[in-house]
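Please keep the sequence and the structure in view while reading.

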Amino acid sequence: MNKSIRRRAGLSLTAVAVVAAVSACGADDKQSGALQSGAEVTKVLKAAYQKTEEAKSAKVEMVTTMPDSAAFGGGGEMKLSGVMGWDPMVMDMTMTGAGLTLTPGAPEQVRMVWLEDAMYMDAGAAAAKEMDGKRWLKIDLKSLAEQSGSAALQKQLAGSLDSMDQSPAEQIAMLLESKSIKHVGSAKVDGVDTQHYKGTISLEEMLEKNDSLVLGEKERDQLLKGLKGTGISSYSTQLWVNKDGLPVKTDLSMKTTEGVITMVTNYSDYGAEAAVTPPPAAETFDFGRIMEKLGDKMKGLGA
């Protein structure tokens with residue numbers, strides 16, 4: 001197997017990691033207006049959670065900055081834009097930036113589709129020559145976990161799968177878990193009037209709490225399961241909410257064993273249609289086959 005295939009495998013796993021650390025434009029630095037009390041903050045964000053949960057979908061622009069780590073393809077900045085829906089999680093995104101330039105023949109941008117616990121990546125015409133003429137790469141995390149034979153990897157991939165099913169509403173839920181949550185003031189995001197909130201919470205603190213202000217027991221258990229699987233140990237969260245009570249921007253800083261990941265996301269057009277369909281099976285190459293070949297190659301080298 002050539003280097004191009006191995007690099008493409010790395011790019012695919014990097015994309016999984018980025019989206020898993022799911023779900024990008026600047027806000028004005030100036031803050032103004034009277035600050036809300038703790039009770040008012042809780043009331044506003046609980047209402048925002050409910051409205052966001054009911055919206056079911058939105059258009060998304062995201063910029064993710066990854067640490068200089070082999071697990072993240074050497075780090076750098078990755079941009080994603082498109083539409084996503086939640087409950088169930090679906091997305092149709094275009095990716096540019098980090099990772100693509102490391103893969104010879106890779107397109108300048110890659111379309112990614114997420115549907116029914118699987119990710120599909122349009123790897124381009126050059127990749128199709130190495131994948132039986134099929135340009136779409138299918139990454140099924142459940143199957144990948146089963147193929148690995150590694151309990152540790154199965155746990156990590158299962159955690160990634162659980163964390164995929166996160167909506168902007170759950171980002172609000174995590175902010176509400178923080179003891180340090182506060183209202184920073186009013187601000188404009190791309191000309192839109194918003195209220196700015198921030199807070200920090202560790203996974204340890206979340207595990208110590210036995211309840212949530214907005215999540216049911218089952219939802220909270222699923223969220224924690226996903227977070228434990230991704231290796232994220234703490235979140236620093238900022239949130240900007242518009243006059244309609246919907247988040248227009250989130251800014252997450254996540255501490256992991258590989259370094260700090262930052263993820264800045266802008267949301268718009270809540271309720272936008274998220275009719276996502278998978279590519280034709282005849283044009284799809286299973287990522288599991290690449291991993292099998294990599295495994296066989298490693299065995300042949302005596303690894």
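This is a predicted model: local features need pLDDT of at least 70, side-chain atom pairs count only at pLDDT 80 or more; totals for chains, interfaces and linings use all residues.

Residues are numbered from 1 along each chain as its sequence is written, and side-chain values use heavy atoms, with hydrogens and water left out.

Strands here are DSSP runs (E, at least two residues), numbered from the N terminus. Two strands pair if DSSP finds at least two bridges between them. Twelve strands form an open sheet of mixed pairing, in the order β7-β8-β9-β10-β11-β1-β2-β3-β4-β5-β6-β12. Because β7 (182-189) and β12 (284-286) stand at the edges with a single partner strand each, one side of each is left without a neighbour in the sheet. On average, neighbouring strands of this sheet are turned by 20° against each other, direction ignored; the axes behind such angles are lines fitted to C-alpha atoms, and angles run from 0 to 180 degrees between N-to-C directions.

Strand β1 (residues 57-66) is mostly covered, with seven of its ten residues buried; buried means under 20% relative accessible area (1.4 Å probe, protein chains only). The table lists pairings within the sheet.

| Strands | Bridges | Direction |
|---|---|---|
| β1 and β2 (residues 76-85) | ten bridges | antiparallel |
| β1 and β11 (residues 259-268) | seven bridges | antiparallel |
| β2 and β3 (residues 90-97) | eight bridges | antiparallel |

Individual residues illustrate these pairings. Thr 64 has Met 78 in β2 as its bridge partner, while Glu 61 stands opposite Asn 266 in β11. Met 84 stands opposite Met 91 in β3.

Definitions and conventions. Buried means under 20% relative accessible area, exposed over 50%, partly exposed in between (1.4 Å probe, protein chains only). Helices (H or I, at least four residues) and strands (E, at least two) are DSSP runs, numbered from the N terminus.
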